[in-house]
2 protein chains.
Amino acid sequence: MAVYTHLGAEDLARLIARYDVGELVSAKGIAEGISNSNWLIETTRGRFILTMYERRIDIGELPFFLGLLDHLASRGCAVPATIHDRDGAASRKVDDKAVALIEFLPGVSPTQPSPEQARAVGAALAQIHLAARDYPQTRRNDLTPKDSATTLQSHGEDELALIDPALPQVRERAADLLERWPEGLPESIIHSDLFPDNVLMLGEEVTGLIDFYFAARDMMAYDLAVTHAAWCFDKTGARFDPAIGQALVAGYEAVRPLDPVEREALPVLAEGACLRFVASRAEDWLDTPADAQVLRKDPMDFVRRWDFYAEEGARAFA
Amino acid sequence: MAVYTHLGAEDLARLIARYDVGELVSAKGIAEGISNSNWLIETTRGRFILTMYERRIDIGELPFFLGLLDHLASRGCAVPATIHDRDGAASRKVDDKAVALIEFLPGVSPTQPSPEQARAVGAALAQIHLAARDYPQTRRNDLTPKDSATTLQSHGEDELALIDPALPQVRERAADLLERWPEGLPESIIHSDLFPDNVLMLGEEVTGLIDFYFAARDMMAYDLAVTHAAWCFDKTGARFDPAIGQALVAGYEAVRPLDPVEREALPVLAEGACLRFVASRAEDWLDTPADAQVLRKDPMDFVRRWDFYAEEGARAFA
């Protein structure tokens, strides 16, 4: 959440001139996105988000991400389309960094979502799953439960215990989960990270799903389980809101009814979602110096969710 | 340059509803301003900047700053007007922090200004000096050369030498400068910090002077000297661009001709401007841990400018 690179007004004006979007009127660095620099750009013809890819994102994968936005937007999904430059390119280089210009979408991210909002998000998620089925590009999900288990194994128990004394036990639970992990459920390109801050809404309407930089080919029901884990709890994972969960799944099924095997798999898929965020947060925590002025997210927030799904099983989705 | 406080969409919508500005459509945390949190807010009726005052600003001084914007805007100066809430208040409290809503102005900040742009900035500066003369509130400048000299004295020579071996010698130069500091030049409310990033421009037109949080009553020619030091050099202060300086002063004088005593004082006033930024940068440097992810600005950039003004004297303004 920062602007890592300074782009001066003249740099920005030159860059914007490479697109058929009018002349630069305003540019504000915005505190958004994961490890990218972002600017809210206004031109004489509209507003746009300019992203500079700083790290974490393999530039070779940009055509997948940017093409996906175009594919979904062209099918009426609420995602920002990629603005192509005058030569038709979806991304450009500025110095040695890749940049892309995408549509600005109105809306704000709910922090205390209502069931009606969760229902709309479920429906929007199902829409992208259906629309992405014929997207011609693909990308392997590199944050599967197996990847996450490997991440946790790469850190010693002592190291994990530095974060929380209860954390090391997730390594065994991860191994157990891998044994139970389902295979063969229907796949599409999934968002994989649809937290409320990646959703823009106006009232109860979804105006944009954003930040597709974890999108990959995987089981659609897993994406619903990720979204369930991301939306139905308070921040710490201590309190579950069943009304949000029911509305989310109902909204999803209003657009794409789940197969019985998918519905049955939701609890274990939700455990896998928790494992993923426990592992990535533990990794980030151990990579971030304690005195850095960056908010470290507590992996235990998702251990609590994991406990809930493990204990409640199918009742979590009743 | 950050967003220090998280304000959720619901918090923001509630806050915006206290103003007669339409309904919230979008809110982006922007990386702007000194130690405040800022959001670019879009409503159904327009765009606004929401500022939350985090530190460095004495809340008791907000009426001075926000009233000044209204005063200047009402006199046609290119500054954002303060939006008052439904009860007429210029600022409100959110939790225990003060917030204010101000006009959004188009424009971008030049990083390689042209002489034509410098001329327009000089004229805009003179306009605020003239318009502020009858502003009924006042505020003491707490960053005079005397204050800056005291700041430097508060740090030992050893401590200053940690930043740069050549830095400790500025303490003696500061004492010498105080002896030569002019008095009795014409005063108004001055901006005091008109670096290019506090100016919004579209082409050669000034669309906004922003960030008045150092504004205070002081000599108008001193403000012109501050602006000269801020605009006429490369970042490190190693290279002076006389065309920018000439255009800046000419633009100023096209609106408000300098008295002969003011013109004569410009070199020593510019030395004072350099002292101020040397002192504030040294203070910030020593207050910022070396490993903090914050860019520390080198005080030596303004020691070099100081050298230039001391050596060139009146030639710097010829």
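Lys and Arg count as positive and Asp and Glu as negative, while His and the chain ends are not counted; a charge is placed at NZ of Lys, CZ of Arg, CG of Asp or CD of Glu. This is a predicted model, in which local features need pLDDT of at least 70, side-chain atom pairs count only at pLDDT 80 or more, and totals for chains, interfaces and linings use all residues. Residues are numbered from 1 along each chain as its sequence is written, chains are lettered from A and ligands numbered from 1 in the order in which they are written, and side-chain values use heavy atoms, without hydrogens and water.

**Exercise 1.** State how far apart the mean positions of the positive and negative charges of chain A are.

Solution. Chain A has 32 positive and 51 negative charges. Their mean positions are 3 Å apart.

**Exercise 2.** Find the relation between chain A and chain B.

Solution. Copies are superposed by least squares on the C-alpha atoms of residues with pLDDT of at least 70 in both. In chain A, A:Ile30 has the C-alpha nearest the axis, 2.1 Å from it. With contact meaning heavy atoms within 4.5 Å, 100% of the contact residues of chain A recur in chain B, so the same surface serves both copies.

**Exercise 3.** State what share of chain A is buried.

Solution. Buried means under 20% relative accessible area (1.4 Å probe, protein chains only). Of the 318 residues of chain A, 57% are buried.

Terms used:
Buried < 20%, exposed > 50% of the residue type's maximum accessible area, 1.4 Å probe, protein only.
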